[in-house]
Structure formats: structure tokens, C-alpha cells
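Here is a quick tour for anyone meeting this protein fold on the page for the first time. Have a look at the picture, then read on.

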Amino acid sequence: MPDCKRLKRDFYTRDVLEVAPALLSKILAIAKPDGTISRYYVTETEAYRGSEDLACHACKGRTPRTEVMFQKGGLIYVYLVYGIHWMFNVVTGKVNEPQAVLIRSLKGCTGPGRLTKISGIDGSFYGEDLVSSERIWFEDSTLTPVIKTGERIGIDYAGDYWKRKPWRFYI
């Protein structure tokens with residue numbers, strides 16, 4: 001696998017509000033057990049920014065579920081919702097600054113639950129390092145997308161202030 005296009009650590013260790021839009025049009029590469037590599041363009045993301053963000057899981061503190069969010073940027077945070085759908089997040093920022101980008105959509109596949117099903121991402125990816133993993137990583141692309149922003153989806157529980165943050169990014 002050529003590493004020349006793979007995103008490096010410094011891409012992920014920036015603030016989530018920089019990384020979330022920067023992931024748009026990047027390529028999610030997933031190596032399948034048969035040796036083939038599936039590639040998908042990222043078309044929608046959402047930013048979750050630290051302990052103060054009431055929509056971010058880290059606002060409840062450090063728990064076994066959120067532990068990876070307190071680690072270095074570039075790790076994977078996955079969790080199960082409704083007992084059925086895995087949500088795929090990319091940890092960003094520095095150690096002890098919990099931030100993550102939810103990958104909401106890929107080209108041709110809308111919805112975070114659908115994209116994990118199609119791509120095969122599940123709980124076994126929790127904590128995986130996107131910089132060194134042999135089964136999942138992001139690659140750069142030559143596309144320069146026109147980025148739009150909007151309110152995050154499905155976070156009414158966080159209150160209007162946090163819900164209305166324009167931290168959903170899409171192309």
C-alpha cells in the first residue's frame with residue numbers, strides 16, 4: 001500500500017473545527033480481508049468539540065466509552081446507537097482535549113449508520129490508529145470542494161445553543 005497519499009498525524013492533531021471541513025473530499029480507504037481496498041469520498045462531517053460542547057460525549061467526562069477521545073488525534077472513536085448502528089468518528093486535537101469528527105456521509109451513501117454498514121466499520125475499529133493501520137486510513141485527494149455549513153443533526157438534547165452551532169460541513 002503506498003503511503004504517499006495517506007494523511008499524516010499532523011492533519012489530525014489540529015482543532016476539530018479545522019479537521020472536520022478538511023476531511024471533506026478526502027478518501028476513506030478500507031482494506032478488505034480478501035486484499036482488495038475499497039475507497040470512498042467523504043461528503044459530510046460534524047464536529048464535536050470538547051468537554052464544554054453539550055452535544056459531545058466528552059461533556060460527561062472521561063469514561064471507558066469516551067477514553068479514546070482523550071488520546072492523540074488520528075484514532076478512531078466508534079460507538080453503537082440504538083443497539084444497531086455504529087457511528088464512525090475521527091479523534092482530533094491533542095491529548096486530553098477531547099474532540100471528534102463524525103463522518104456522516106460518503107459519496108453515494110448518506111447517513112452515518114448506513115456508511116458503517118456498507119464499509120464494514122464496527123466496534124472492532126475502536127481506538128485504531130488511522131496513521132498506521134493496515135485496514136483503514138484516509139488519503140488526500142486532488143478535489144477542492146465547495147463547503148457548506150449547517151446545524152448538527154439529532155442533538156436536540158444538547159439545547160438550542162449547541163444545536164445551532166454551524167458545525168456540520170458538507171459538499
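## A hairpin to start with

In this predicted model, Val-81 has His-85 in strand 4 as its bridge partner. Together the two strands make a hairpin, with three residues between them. Look for Tyr-82 in that turn, where phi is positive at about 55°.

## Rings that meet

How many aromatic pairs are there? The count comes to six. One of them is Tyr-77 with Tyr-79: the ring centres are 5.2 Å apart and the planes sit at 35°, so this pair counts as tilted. Both of these tyrosines are buried. Ring pairs also bring in Tyr-126, giving a cluster of Tyr-77, Tyr-79 and Tyr-126.

Now for Phe-88 and Phe-138. Their ring centres are 6.2 Å apart and their planes are at 5°, so this pair is stacked. Phe-88 sits in strand 4 (residues 85-92) and Phe-138 in strand 7 (residues 136-139), so to speak a link between distant parts of the chain, 50 residues apart. Both phenylalanines are buried.

Some rings have a charged neighbour over the face. Arg-14 lies over Phe-11, at 4.7 Å from the ring centre, and Lys-165 lies over Trp-162, at 5.5 Å from the ring centre.

## The nonpolar core

The largest nonpolar core has 47 residues. Among those with the most contacts inside this core are Leu-23, Leu-28, Phe-88, Ile-103 and Phe-138. Several elements each supply at least two residues, including helix 1 (9-12), helix 2 (16-22), strand 1 (27-31) and strand 2 (37-49). The largest share, five residues, comes from strand 5.

What does Ile-103 touch, leaving aside residues up to four places away in sequence? The list includes Leu-23, Val-42, Phe-88, Val-90, Leu-115 and Phe-138, along with Glu-44 and Thr-45.

## Lys-5 and its neighbours

Lys-5 is found in the segment before helix 1. With 43% relative accessibility, Lys-5 counts as partly exposed. Not counting residues up to four places away in sequence, Lys-5 touches Phe-138, Glu-139 and Asp-140. Lys-5 and Ile-27 are 22 residues apart in sequence, and their C-alpha atoms are 9.4 Å apart in space.

## Salt bridges

A search of the whole structure turns up 14 salt bridges. In one of them, the side chains of Glu-139 and Arg-39 meet at 2.9 Å, N to O. This pair links distant parts of the chain, with Glu-139 in strand 7 and Arg-39 in strand 2, 100 residues apart.

Salt bridges that share partners join Glu-44, Glu-46, Arg-104 and Arg-168 into one network.

Methods: Residues numbered from 1 in each chain as written. Predicted model: local features only at pLDDT ≥ 70, side-chain atom pairs only at ≥ 80, totals over all residues. Heavy atoms only, no water. Phe/Tyr/Trp six-rings, centres within 6.5 Å; stacked < 30°, edge-to-face > 60°. Buried < 20%, exposed > 50% of the residue type's maximum accessible area, 1.4 Å probe, protein only. Helix = DSSP H or I, 4+ residues; strand = E, 2+ residues; numbered from the N terminus. Lys NZ or Arg CZ within 6 Å of the ring centre and 35° of its normal. Pairing = 2+ DSSP bridges. Core = buried A, V, L, I, M, F, W, Y, C linked by side-chain atoms within 4.5 Å. Contact = heavy atoms within 4.5 Å. Salt bridge = Lys/Arg side-chain N within 4 Å of Asp/Glu carboxyl O.
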